Amino acid sequence: MKRLLTAALALSFISSAHAAPDGAALYAAKCAMCHQADGRGIPAQYPPLAGRVATIASNDQGRAYLGHVLINGMTGMLRINNATYVGYMPSFRALTDADIAAVLTHVASLGATGNKATIDADTVHAARTPPLSPTAVSTERRGLVAAGIVP
């Protein structure tokens, strides 16, 4: 009986060690302090994510850009919903591809209507190279805004 219990505990540990990352928990630990638990941000300080990320993630360029933001960080001025934000988003390069994908997929669900966008670890992995500066990510964003990919 003791061997059976030990084996069951070992299998439980192994399966939980390989469980998919919890995007909501990662978001709560890494992002919510600025962007708030509901993704609405703080006016004039931290931009809103809710209702926006799903739109951005609706095509390949948008998904790559989202990966670039989390991997490389971003700096500069943003104009969102007639509000201006000037600041710095830190890099989360140290997170795994699966962790970043889980966070982005969770954020895409915040305030989303209709189909929920998903971002996979392969997309995040591809966004790691070449490394970009936070300023280069801001430049990429401006181009995507002009193309109508980033609202």
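Ground rules first. I'm working from a predicted model, where local features need pLDDT of at least 70, side-chain atom pairs count only at pLDDT 80 or more, and totals for chains, interfaces and linings use all residues. Residues are numbered from 1 along each chain as its sequence is written, and side-chain values use heavy atoms, with hydrogens and water left out.

Fold. I get 8 helices and 2 strands for the protein chain. Along the sequence they run α-α-α-α-α-β-β-α-α-α. Both are DSSP runs numbered from the N terminus: helices are H or I with at least four residues, strands are E with at least two.

Contacts. I took a contact as heavy atoms within 4.5 Å. Of the contacts with a separation of 6 or more, 61% join residues 24 or more positions apart.

Surface. The protein chain exposes about 8600 Å², and carbon and sulfur atoms supply 61% of that. The areas are Shrake-Rupley values with a 1.4 Å probe, and for residues only the protein chains shown count as cover. Of the 151 residues, 38% are buried. Buried means under 20% relative accessible area, exposed means over 50%, and partly exposed lies in between.

Cysteines. How many disulfides does the whole structure have? I found 0, looking for pairs of cysteine sulfur atoms within 2.5 Å. C31 has its closest cysteine sulfur in C34, 8.5 Å away, so the two are too far apart for a bond. C31 is buried at 12% relative accessible area, while C34 is partly exposed at 24%.

Definitions and conventions:
Buried means under 20% relative accessible area, exposed over 50%, partly exposed in between (1.4 Å probe, protein chains only).
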